[in-house]
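Subject: Structure handover

Hello,

Here is the structure I promised to pass on. Please open it alongside this note.

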Amino acid sequence: MTHRVSFARKLFTYIALLVLAVCSIYPALWITMSAFRPGTSLLANSLFPKDFTLDHFRELFTTPNFPYGLWYWNTLKIAFMSMILGTTVSTLTGYALSRFRFKARKTILTTFLVLGMFPGFMSMIAVYIFLLQFDLLDTHAAIIIVYTFGAAMSCFIPKGFFDAIPRSLEEAARIDGASHWKVFTHIMLPLARPMLTYMAMTIFTGAWVDYIFARLVLRSKENWTLAVGMWDMVANFQSSNFTLFAAGAILIALPITLLFIGLQRLLVEGLTSGANKG
């Protein structure tokens, strides 16, 4: 009886996983095949096209109305800089709140906790006025600054990780003469590599796909990111250029997919180690 229940549970689990896999893979496969299908329509009689073409990918980089290459470079630059600076700020903030005791520590933790409960778009008006007063609107520096210091709000992830590291490691290094900076760079950072990977991936992905804030700050077409440019393409030309949009969507997914495949092991370790409070 127990064997039958176990078999039925496994069978149900495999069927549920198969249904979820089909629901996830089929739309992605349809968009991929649409990018290689001749013509401009999304509708087709079969999933796989009879003839494959690369014209849509070529058109992305040759059509004057869509400076796709420039938008791609803008997005890559903003996402990469935000990832480096945001990971640094968030890690330093989390480390300071975890390993040091100072007067305003609890106040800062409470402030971060309360502010984290509000949706980010509530601060857009204040951020817009701030950028306007400093003449930073329609610049990539403005959006990188906001993404970087917005990442500090996620300092609870590195703080939770550093809290789980025994203080005996730090105390042993201090007895051997190591400074605070040396303990941080030579002991804490190597141990925190999976967590840092998770943080970097999260910040890069957020900056790569963000549309609302990028649309608010970036006004001129040559400064747009891919999210803003692709939305403009869909809003104005969806009835005649959907296969072009599909080709652009595939290229957008490439950096995140490559990062996930390359850092998959560290990413999983980062998720599990962040939950371990040992």
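Below is what I found, by topic.

Please keep in mind that this is a predicted model.

**Record annotation**

UniProt, in an unreviewed entry, lists "transmembrane region" at residues 12-33, 78-97, 109-131, 137-157, 195-214 and 242-263. I looked at two of these spans. Residues 78-97 are 100% helix and 0% strand, with end C-alpha atoms 28 Å apart. Residues 109-131 are 70% helix and 0% strand. Their end C-alpha atoms lie 26 Å apart.

**Nonpolar cores**

The largest nonpolar core holds 40 residues. Tyr-68, Ile-143, Trp-208 and Phe-213 have the most contacts inside this core. Eight entries make up the list of elements that give it two or more residues: helix H2 (55-60), helix H3 (68-99), helix H5 (124-133), helix H6 (140-151), helix H10 (193-209), helix H11 (212-217), helix H12 (226-237) and helix H13 (242-262). Which helix gives the most? H13 does, with seven residues.

Beyond its sequence neighbours up to four places away, Tyr-68 touches Leu-60, Phe-61, Leu-226, Met-230, Gly-248, Leu-251 and Ile-252.

Another core lies apart from the largest one. This other core has 15 residues, among them Tyr-95, Phe-161, Ala-178 and Met-199.

**Aromatic rings**

There are 17 aromatic pairs in the model. One of them joins Tyr-95 and Phe-100. Their ring centres are 5.8 Å apart, with 85° between the planes, and the pair is edge-to-face. Phe-100 has a relative accessible area of 26%, so it counts as partly exposed.

Trp-181 and Phe-184 form another pair. Their centres are 5.7 Å apart and their planes meet at 40°. Trp-181 is exposed, at 57% relative accessibility. Phe-184 is buried, at 5%.

Ring pairs also build a cluster: Tyr-95, Phe-100, Phe-161, Phe-162, Trp-181 and Phe-184.

One charge also sits over a ring. Arg-37 lies over the face of Trp-30, 5.6 Å from the ring centre.

Is Ser-34 buried or exposed? Ser-34 is buried, because its relative accessibility is 0%. Ser-34 belongs to helix H1 (residues 2-35). Setting aside residues up to four places away in sequence, Ser-34 touches Leu-42, His-56, Thr-243 and Ala-246.

Thr-148 lies in helix H6. At 4% relative accessibility, Thr-148 is buried too. Leaving out neighbours within four places in sequence, its contacts are Ser-82, Leu-85, Gly-86 and Val-89.

**Individual residues: Lys-77**

Lys-77 is in helix H3. Its relative accessibility is 30%, so Lys-77 counts as partly exposed. Which side chain does the Lys-77 side chain meet in a polar contact? The partner is the side chain of His-140, at 3.1 Å. Lys-77 and Trp-208 are 131 residues apart in sequence. In space, their C-alpha atoms are 9.6 Å apart.

**The loop between H5 and H6**

Two residues here deserve a backbone check. Asp-135 lies in the loop between H5 and H6. Asp-135 has a positive phi of about 55°, although it is not a glycine. Asp-138 is found in this loop as well. Asp-138 also has a positive phi, of about 60°, and is not a glycine.

Asp-135 is exposed, with a relative accessible area of 65%. Asp-138 is partly exposed, at 22% relative accessibility. That value is not under 20%, so Asp-138 does not count as buried.

Best wishes

Key:
Residues numbered from 1 in each chain as written. Predicted model: local features only at pLDDT ≥ 70, side-chain atom pairs only at ≥ 80, totals over all residues. Heavy atoms only, no water. Phe/Tyr/Trp six-rings, centres within 6.5 Å; stacked < 30°, edge-to-face > 60°. Buried < 20%, exposed > 50% of the residue type's maximum accessible area, 1.4 Å probe, protein only. Lys NZ or Arg CZ within 6 Å of the ring centre and 35° of its normal. Core = buried A, V, L, I, M, F, W, Y, C linked by side-chain atoms within 4.5 Å. Helix = DSSP H or I, 4+ residues; strand = E, 2+ residues; numbered from the N terminus. Contact = heavy atoms within 4.5 Å. UniProt positions renumbered as here; feature names shortened; annotations may be inferred. Polar contact = N/O pair within 3.5 Å; in protein donor to acceptor, adjacent residues only side chain to side chain.
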